[in-house]
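Subject: Handover of a structure and its findings

Dear colleague,

Please find the structure below, handed over for your reference.

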Amino acid sequence: MRISFLTNRILYRQAKTLIQLMRNIRIIRRKSLTLNPFSFGGVGMEVGMSDGFLTVIAPFKDSQAEKAGIKAGDIIIEVDGKKTTGMDVDEVITLIRGDIDTTVTITVVRKGATEPIKIPIVRAVVHVPVIDTKVVGDAFVINLYSFTADSAELFRDAMNEFATSNKKKLIVD
């Protein structure tokens, strides 16, 4: 079977384009390996919508938010004086994140408080936790926050920690 000159030229161009795309993918992959998508400048808390309100699901352990006094269940009503009413979660997260060592003031409504609470927090590098362990009463608790390439190994380590803890009850959350 004979391939025409035109067909040969088209195949050559397609192969050349494919090779260039593969090079670009390698460059993008190499750059993404140097950046950690699980750390950024912020305050260290998980937020979401609850009953139509932007609510703190939980501050990360040992984060700036936890140290400043942010609590699970806090309803965020302002970030740096900007009302969050009508904003979606991503818009508010964009306001909260920022340059490291700068301050963001988050105003929250807390159950049991009579007035909104203004909480200034200095932004820092935030490391999103993958796994955390603790002992609660007579139970060993493993909290799995996100799945990453290291999750299986970290979970195995947590199970080893449970095995040496002499606890008989295990809670995986």
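Which residues gather in a patch of negative charge on the surface? In this predicted model, the patch is formed by Asp150, Glu153, Asp157 and Glu161. Asp150 lies in the loop between strand E10 (139-144) and helix H4 (151-164), and it is partly exposed, with a relative accessible area of 47%.

Strand E10 also pairs with strand E9 (residues 131-136), in the antiparallel sense and over 6 bridges. Asp132 has Asn143 in E10 as its bridge partner. The hairpin of E9 and E10 has 2 residues between the strands, and Gly137 there takes a positive phi near 65 degrees.

Asp74 counts as buried at 1% relative accessibility, whereas Arg110 is partly exposed at 22%.

Asp138 forms a salt bridge with Lys169, with the closest N and O atoms 3.1 Å apart. Because Asp138 lies in the loop between E9 and E10 and Lys169 in strand E11 (residues 169-172), the pair ties together parts that are 31 residues apart in sequence.

Finally, a network of salt bridges links Glu78, Lys83 and Lys118. Within this group, Glu78 is buried at 13% relative accessibility, while Lys83 is exposed at 55%.

Yours sincerely

Note on methods
Residues are numbered from 1 along each chain as its sequence is written. This is a predicted model: local features need pLDDT of at least 70, side-chain atom pairs count only at pLDDT 80 or more; totals for chains, interfaces and linings use all residues. Side-chain values use heavy atoms; hydrogens and water are left out. Patches are made of residues with over 30% relative accessible area and no salt bridge: like charges are joined within 9 Å, nonpolar side chains (Val, Leu, Ile, Met, Phe, Trp, Tyr) within 5 Å. Accessible areas come from the Shrake-Rupley method with a 1.4 Å probe; for residues, only the protein chains shown count as cover. A salt bridge is a side-chain nitrogen of Lys or Arg within 4 Å of a carboxyl oxygen of Asp or Glu. Lys and Arg count as positive and Asp and Glu as negative; His and the chain ends are not counted. The place of a charge is taken as NZ of Lys, CZ of Arg, CG of Asp or CD of Glu. Helices (H or I, at least four residues) and strands (E, at least two) are DSSP runs, numbered from the N terminus. Buried means under 20% relative accessible area, exposed over 50%, partly exposed in between (1.4 Å probe, protein chains only). Two strands pair if DSSP finds at least two bridges between them.
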